[in-house]
Amino acid sequence: MDNSNENAGLSSSDLKNSGSSANPEVWVDEYGDYLYRYAFSRLRDTNAAEEVVQETFLAGIRYRERFTGEGAERAWLLGILKRKIVDHVRMRNRYDRDGKSDDSNDPSSQLFNQQGNWKNGAFAVTPDDQLESQEVWEVVRGCLSHIPAGQADVFVLSVMEEMDTDQICKELNITPANLWVRLHRARLALAKCVGTKWFAEQEVSQNA
Amino acid sequence: MPNDQKISELISKSLSATLTNDQQRTIDEKIAASQQSRNYAKLSKMINDSLSDVGKRSRDGDTSVAPGLSADAALRMKQSIRLEAARSSQFGITVTGAAFHDSAISSTHAMIQQLPISSHADERSLKSRFTLTRELGKGGLGTVWLARDERLLRSVALKEMNADAAEHPRAWERFRREAEITGRLEHPNIVPLYQFGTDETTGQPFYAMRFVGKRTLVDAIEEYHDKKIAGEDVTMDLHRLLTAFIGVCQAIAYAHSRGVIHRDLKPENVALDNFGQVIVLDWGLAKVNDGNETEGHMSGVPLSADSSFTKTMAGEVIGTPLYMAPEQAAGQLDKVDSRTDVYGLGAILFAMLTASAPHQNSSVQEGNAVPIAQLLKQISGGATPRPRDYMSGIPADLEAICVKAMQFKPHSRYQSAAEVADAVQQWMAGRSERRQKYSNSRSEARELRTAMMSAVRDLERNVRFMSSLPPIQGIVNSIAGRRDDEQSVLRSHLSVIFSGLLKTNCDFCAVSFAKADGSKFQELVRIERPIDDVSNVRSIPASRLVSGNLTSCMKKALAGKPDEVFVALSSECPDPTTASWGKSPTPLLAATVPVFDDETEEPFGFVRIEASLERLIENEIRGRFHAINRLYVLDNDCKVLMQLDSSGSRVKANDGQSMSSIAASWDSVVPMLKLEGEFVDNQDHAFYATRIDLVPGRYSLALGLCLAEKQTK
């Protein structure tokens with residue numbers, strides 16, 4: 001999560017903006033949408049995404065002297081944002097853990113019978129290979145908000161943010177075993193949710 | 001072959017980690033064979049790819065992954081950026097308390113030049129920012145003002161260094177350090193520092209912090225004790241005080257985690273507002289303890305410098321020996337560590353419980369103030385003060401927390417401020433649970449009292465009914481020679497009825513009908529339950545029936561009106577008929593009713609039921625109490641009649657012993673029982689007692705319930 005090494009995907013416009021920290025107010029117009037989309041796709045919550053973006057800008061002002069001007073300003077801010085997202089997830093995780101345990105939200109009982117084999121119809125529908133990636137994402141995004149936040153968050157950090165096991169465990173103060181359980185449950189629940197939604201939509205379009 | 005669930009786990013794992021060849025083969029085989037597993041694998045992969053893809057696209061700035069920022073949010077952000085940027089450009093990067101945390105303290109000097117302050121009597125104002133309103137307080141090192149921040153239009157507290165202190169080079173260091181330490185500690189329960197600067201004319205440093213009002217823990221403690229003395233319900237006040245105390249503990253625990261020791265904890269240094277906010281003030285004596293990140297900036301002043309400084313600033317340092325830990329009073333600065341603050345926390349708790357400072361008693365001797373040097377000597381060598389020496393009625397467990405925090409030897413205290421907070425929190429949680437249990441047990445005890453009294457009423461009703469049975473008058477008539485009925489037949493009828501009564505009431509020991517003549521009595525029918533075989537009931541043959549002199553209780557019963565039942569304990573009038581029970585330590589409860597000759601209307605004799613008090617109590621008590629640790633039933637002389645343990649089993653070890661010899665505190669309970677009929681332990685919720693007036697005015701039982709693990713002494 002080092003803020004200086006975030007250079008993936010630099011465009012020419014990024015480089016053009018390099019060193020334009022003289023007026024932070026233009027940051028909102030320049031990078032607001034970009035950072036917000038990034039944050040929203042990770043946090044799935046408007047308020048949370050706005051909050052981390054605002055914090056990113058304010059931290060940017062406070063730490064402006066640390067921005068060396070090397071590399072893009074957008075990438076520098078993204079580095080701060082990524083840190084803020086992890087902080088936010090940690091807070092939300094801690095709060096959530098106090099309330100209800102994610103460990104109790106196990107989708108297995110809905111999917112497997114007592115012998116540990118698939119229940120009839122658990123995954124009866126074969127996914128369509130021809131789906132547009134945007135279509136899949138719309139469904140996945142909807143499903144992410146239906147599974148427990150503690151599971152969704154580790155899944156996002158692991159797959160979207162590509163954080164490794166050690167990092168996630170350290171940031172969220174959980175054990176690797178707990179992380180694996182959460183990831184697996186997230187995958188099961190998401191697959192179930194996506195499968196069901198997809199099937200329902202197919203039915204609707206066929207009937208229409 | 002593993003089941004589907006195991007396969008699903010392997011599929012999940014394959015998406016985040018590399019599988020072994022064996023595992024991969026297992027999955028492949030299973031997927032080939034099972035449609036559902038194949039579908040799950042496919043869906044999972046699709047989801048994984050989708051997320052990973054969106055992750056990349058959002059990094060690249062793809063606008064289709066999510067909607068952009070709303071116009072409202074963008075506006076809000078611009079405003080806050082403008083504010084923050086304005087603040088930071090005005091004062092460089094070190095503006096707020098947070099700045100001490102974020103940036104290098106070494107930039108303090110740069111800031112001092114940027115923050116001029118003019119000095120003209122009490123109406124001075126910092127050119128750019130502050131107007132002094134009035135003086136709030138003055139210490140050896142500095143004066144605290146209430147000031148107005150003209151830029152943000154809010155009240156702040158502003159501490160500036162006193163002119164005389166400013167002549168001392170150490171004071172500069174101390175003042176700067178105080179500001180640095182306070183600024184560095186960012187915690188909701190620690191006063192936030194807004195700004196540090198220097199007066200333009202005098203060149204003396206000042207700092208601005210949040211104005212937290214003038215109410216301190218001292219006021220709250222005074223209020224609590226005033227209410228308590230006035231007899232008001234202070235449960236919630238104590239709860240609020242303790243909640244504030246936990247806030248203080250947390251602030252101190254945080255400071256310790258940053259290597260800072262407060263060293264001057266006392267109620268005066270804890271500010272409270274009306275909204276439950278607790279703020280620890282005055283970090284002027286704080287010490288930076290270790291060499292982590294604080295070292296570079298804060299331990300520039302060697303500790304030895306502190307001690308030399310304290311000599312000159314004596315007023316400030318020894319202003320608070322009343323709360324001081326022994327190692328501090330002894331001047332062993334090398335031994336001062338976080339556990340010195342644990343002592344200080346204990347001292348604050350002490351003040352909450354007793355309304356006195358812990359060393360208050362040592363500070364006065366024969367009405368005169370003890371010289372400071374002598375007081376410090378006493379503290380450094382003396383025993384741990386105990387709250388109970390200052391005030392009675394303090395919850396024992398809470399006192400124990402206080403005493404542990406204030407142990408003479410640091411290693412015997414709680415080892416951290418967080419431990420103190422935990423202990424108090426646990427006490428608070430336990431207290432509400434205990435209070436609930438206590439209230440339940442109290443209701444149970446009151447129900448028992450009612451049940452016992454109604455059992456006596458039942459006894460009275462039964463004996464009255466027995467005396468009205470037709471065979472009774474039949475026997476009376478037969479003895480008077482008015483009827484020819486065979487007396488033995490009537491007696492056997494009566495025996496049958498009496499036996500029936502005894503069989504259905506297992507606490508009854510005997511039922512009898514006797515004739516009285518002058519000062520003598522002669523039993524005519526008697527059914528009794530053998531002491532060694534309670535399930536049996538036997539009729540006493542005529543040859544074994546007892547006669548003798550009327551006892552005082554019999555006389556009193558015979559003197560009564562028809563249907564008037566006289567109830568007495570066997571101990572009140574020893575009785576030859578109860579000889580078979582005489583060896584039993586259990587008292588009997590006897591209900592006697594006179595029998596009149598219906599013809600002559602003269603007293604003829606009496607019917608009497610004797611019940612075993614012990615069994616009567618046992619019947620009523622069974623299953624009635626939950627969550628008690630020990631139950632005592634005491635007789636009229638407060639000797640143990642019966643004792644039950646937490647499982648409801650009889651414990652006979654103390655039977656017959658006086659309660660005072662079992663629980664020393666019992667003697668203080670007795671007057672309450674006599675006066676009020678019950679003893680309620682509002683402090684510890686550990687013991688409850690109630691009086692059961694079995695024979696009003698003559699014989700009472702006492703019921704004692706211990707709820708806590710230990711008996712409070």
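Select C143(A) and C193(A): in this predicted model, the disulfide joining C143(A) and C193(A) is left-handed, with -85° about the S-S bond. The link connects distant parts of the chain, since C143(A) lies in helix α6 (residues 133–144) of chain A and C193(A) in helix α9 (residues 176–207) of chain A, 50 residues apart. The two sulfur atoms are 2.0 Å apart. A search of the whole structure returns 1 disulfide over all chains. Colouring by accessibility shows C143(A) as buried at 0% relative accessibility, and C193(A) as buried at 16%.

Next, display E171(A) and R83(A), which form a salt bridge whose closest N and O atoms are 3.0 Å apart. E171(A) belongs to helix α8 (residues 165–172) of chain A and R83(A) to helix α4 (residues 73–99) of chain A, so this pair ties together parts 88 residues apart in sequence. E171(A) is buried, at 16% relative accessibility, whereas R83(A), at 27%, is partly exposed.

Proceed to chain B and select R154(B) with D149(B), a salt bridge of 3.9 Å from N to O. Here D149(B) is buried at 1% relative accessibility, while R154(B) is partly exposed at 27%.

Then select D655(B) and R650(B), a salt bridge with its closest N and O atoms 3.1 Å apart. D655(B) is partly exposed, with a relative accessible area of 29%; R650(B) is also partly exposed, at 22% relative accessibility.

Finally, select E523(B), R526(B), E528(B), R538(B), R608(B) and E610(B), which are linked in a network of salt bridges. Over all chains, the search finds 44 salt bridges.

Technical notes
Residues are numbered from 1 along each chain as its sequence is written. Chains are lettered from A and ligands numbered from 1 in the order in which they are written. This is a predicted model: local features need pLDDT of at least 70, side-chain atom pairs count only at pLDDT 80 or more; totals for chains, interfaces and linings use all residues. Side-chain values use heavy atoms; hydrogens and water are left out. A disulfide is a pair of cysteine sulfur atoms within 2.5 Å. Helices (H or I, at least four residues) and strands (E, at least two) are DSSP runs, numbered from the N terminus. Buried means under 20% relative accessible area, exposed over 50%, partly exposed in between (1.4 Å probe, protein chains only). A salt bridge is a side-chain nitrogen of Lys or Arg within 4 Å of a carboxyl oxygen of Asp or Glu.
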